[in-house]
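Q: Please take a close look at one part of this structure and describe it in connected sentences, giving the cut-offs as you go.

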Amino acid sequence: MVDDSRPFAPSFDATGGRNRLVIGISGATGVAYGVRLLDAVRELGLVSHLVITKPGEMTIGYESPLSPKEVAAKADHVYAAHDIAAPIASGSFRTGGMVIAPCSVRSWSEIATGVTSNLLTRAADVTLKERRPLVLLIRESPLHVGHLRSLTQLAEMGAIIMPPLPAFYTEPRSVAEIIDQTVARALDILGYDWPQQKRWGEDLAKGRRRRGRKGTTDAQ
Ligand SMILES: Cc1cc2nc3c(=O)[nH]c(=O)nc-3n(C[C@H](O)[C@H](O)[C@H](O)COP(=O)(O)O)c2cc1C
């Protein structure tokens, strides 16, 4: 059984639902971000509420060594994408926010219009209307002006648009480190400190710049 009484994250005040995090995995490439987010949320002692779209399950099949069932098993609560009566479909079910990782064009477009066709986009709409943080790890490239317009609309509505772009100043040695860095930054936005990340000016050499061969400095 799920223990919903786990401690609150210290950076949040003790209001109801702050220890719950809604996680969405849509059908964009990069399902590893959502999978690692589930690991991180567990490590932080938070309670995860997961919804995966059908295309999300398909991309898990293409990209992950785990099956959709194995990914779902990492969450405390899992809902079917068609279950629009699930707790996370209502604003009265309090949460600390939602992260969609990765977030496809289709999902972000639905959220931008409010015309939501499944639980993932409905839960995101609810997160926005309740003025809770909604972090979108949007995944498409390149972007046309229609994409950019809907993303602007989302930003105006309060969503946090966070394309999963690596920071190379952390000198990542593996894809796993790149993924963890982005997941940690998403959790930062929600106020959770996941220790996997290297912070500029803290864990990373403060202001160190490497000398290039010809006396030039490498860009950060
Ligand atoms: C392997 C694979 C990778 C995909 N990558 C992306 C992507 O990066 N971005 C995107 O917007 N759609 C991508 N798609 C297409 C979406 O899955 C498709 O538009 C789907 O309708 C999204 O539905 P959803 O938002 O409900 O998950 C991909 C599909 C597959 C099979």
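Helix 4 and its surroundings

A: Helix 4 and helix 6 cross in a left-handed manner (near helix anticlockwise from the far one by less than a right angle). The model is predicted, with local features needing pLDDT of at least 70 and side-chain atom pairs 80 or more, while totals for chains, interfaces and linings use all residues. Residues are numbered from 1 along each chain as its sequence is written.

Val105, Trp108, Ser109, Ile111 and Ala112 of helix 4 meet His147, Ser150, Leu151, Gln153 and Leu154 of helix 6 (C-beta atoms, placed from the backbone, within 7 Å). This contact has six nonpolar, four polar and no charged residues (Ala, Val, Leu, Ile, Met, Phe, Trp, Tyr, Cys and Pro are nonpolar; Asp, Glu, Lys and Arg charged; the others, Gly among them, polar).

Helix 4 also supplies at least two residues of the shell around the ligand, as does helix 2 (54-63), although the largest share, five residues, comes from helix 2. By class, this shell has five nonpolar, eight polar and three charged residues.

Methods
Helix = DSSP H or I, 4+ residues; strand = E, 2+ residues; numbered from the N terminus. Contact = placed C-beta atoms within 7 Å.
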